[in-house]
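Colleague: Please take a close look at one part of this model for me. I would like to hear about the ligand site.

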Amino acid sequence: MIRYKHALALNPYFGDSTALIGVFPPTGLEYIAASMKDLGGKVTLLDLRYEKAYQDPKALSQFIRNEIDLLCVSIRWESRFGDVCDFVSQLPPEVCTIVGGYKATAEVESLFDRCPNIDMIARGEGEDIIKQIVTGAPYKDIRGLSYRENGRVVHNEIAPLPDITRIPFPDRSLRKHNYCLVKHGVRLSSNTFDTLLTTRGCPFKCKFCTFSLNPLGQKRSYTERPVESVIEELKTVTADVVLLSDDNFFTNPNRSEQLCDLIIENKIKKIFVAQTRIDVAKHPRVLDKAEKAGFKVFLIGIESPHDRILKQLQKGFTQQQVRDAFAVLTQYDFYLHGYFIYGNIGETEEEMLYIPKFAKEIKLDSITFQKLRIERFSSLKEVVEETPGYYYNRIGGSVYSNHYGRKELKQIGNRIQSEFYDLPQVIHIIRKAWRIGLVSGLDLMDAFLKLPLLMYGLARRKAQKKR
Ligand code: B12
Ligand code: SF4
């Protein structure tokens, strides 16, 4: 028995702070919509970042009351959690509402408390759960489900991780618009964007990372989709730029090479952005093929220039190995972006401030750097708790110490930012992005003309923040 006629898959995030992330679709929610789609009823997908009229909960409620008998909401991010709860709690209580996502799983109890209209929460990966719900399985039998019953909340046992080789990939025909790079209401590139997931999980065990854990703390075993299915999905992608959102696209270099071959063979012309480890530099043949297949941006987890900290984070490589890898990677025309972590245990100010220097030495084009954070299932949690003088205020929050509190780390962060992003670096970034075809001359001219609008948007956001 199918339990719904018309389901709404809702991405409830909107507003300036997620404007940049508006560039990518809500991948997890699209997987959920695809899993329900062939089971009977109609499915509508609404991404509130692009649906101004429905950012008003009254207007959205009206639509839901008129049309919808199953509401599926995705709550994924730490940021804006409070706003999203307030929004969801205003939606019609009479419509069956199920919520899922990384953050929803971590906050099951608090979500049920804050949103009395939520009937169920799918914990962890939700494809199998949603299928059972819509096909009428008794709630008590659905593993991974938490639900209300007679005024209390029942938590069923943990669900096994779904087999990704048989999960349908996102159906892009459910989208109503293209995903674009918009900042403060100003479109910054003529390119359109999409994401594609070819694997789930990661076999490495970096100590700070919960990427490869699902939100229940279950280690996500590294699983690959068949390459034929990836190519089939890729053929449905109309966007110009595709983020391969695998934790590490090059985990299995033979498979990556095979995918590159198939992209070339099938004449698929896209700009690919891939998350990777430095290990990819050991495979020049894969790099050659990746370049030919249209890979242009590598997002690389480096984390620290210091061997002591790399060891502490169990990153699995040394500073010298990073240097060796970049000596290879910089031979290619890839745009190289590095991720760093600062404020690590025992790290001095001088060591933190070496990040921008090191990044320039190895010729990274751009960097992002974050304070060390503690996630619920991170194995660093115990280390911080056992180290005198170190503390964190909340799960998901940053680590501070008696030496480096919030203010000190903010100042250090500002210095890393200004020392790396000086004028020559900014000019280098623009020139490189233009040279390798990430932005066109027209985009640059257009962005220049829109500069006043952008500044206005930025000023307005700053003013809103101060209020
Ligand atoms: C790709 C990615 C990105 C992309 C975004 C791509 C996109 N499509 O949105 C980019 C690079 C932009 C990004 C940015 C950030 N990211 Co990110 N990202 C990821 C990554 C690696 C993969 C996400 C993904 O596609 N997963 C695959 C899908 C299928 O899984 P899913 O989204 O969880 O959905 C499943 C379930 O949650 C559930 N589900 C989800 N919704 C629903 C709804 C219903 C109704 C049901 C039943 C089930 C359900 O079922 C889905 C299918 O199995 C994850 C790590 C990971 N492995 O998940 C981190 C992750 C999501 N990111 C994270 C973070 C912290 C960030 C940043 C804040 C980092 C930063 N400081 O800049 C930013 C900012 C994002 C923001 N909005 O503010 C954290 C989130 C932690 C949290 N609770 O906030 C994660 C979990 C990594 C981590 N462990 O630290 N990210
Ligand atoms: S940091 Fe990257 S390589 Fe390390 S465990 Fe996480 S996803 Fe894997």
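Modeller: A nitrogen atom of ligand 1 lies 3.3 Å from a polar backbone atom of Gly101. That is a polar contact, meaning a pair of N or O atoms within 3.5 Å; within protein, one must be able to donate a hydrogen and the other to accept it, and residues adjacent in sequence count only if both atoms are side-chain atoms. Side chains take part too. An N or O atom in the side chain of Thr210 is 2.8 Å from a nitrogen atom of ligand 1. For the side chain of Gln370, the distance from an N or O atom to a ligand 1 nitrogen is 2.3 Å.

The elements that give two or more residues to the shell are α1 (27-37), β3 (70-74) and β4 (96-100). Helix α1 gives the most, with four residues. Helices (H or I, at least four residues) and strands (E, at least two) are DSSP runs, numbered from the N terminus.

The model is predicted: local features need pLDDT of at least 70, side-chain atom pairs count only at pLDDT 80 or more, and totals for chains, interfaces and linings use all residues. Residues are numbered from 1 along each chain as its sequence is written, chains are lettered from A and ligands numbered from 1 in written order, and side-chain values use heavy atoms, without hydrogens and water.

Now the whole shell. There are 35 residues around ligand 1, and Thr27, Ser74, Glu78, Thr210 and Gln370 come nearest. A residue is near if one of its heavy atoms lies within 4 Å. By class, the shell has 13 nonpolar, 14 polar and eight charged residues. Here Ala, Val, Leu, Ile, Met, Phe, Trp, Tyr, Cys and Pro count as nonpolar, Asp, Glu, Lys and Arg as charged, and the others, Gly among them, as polar.
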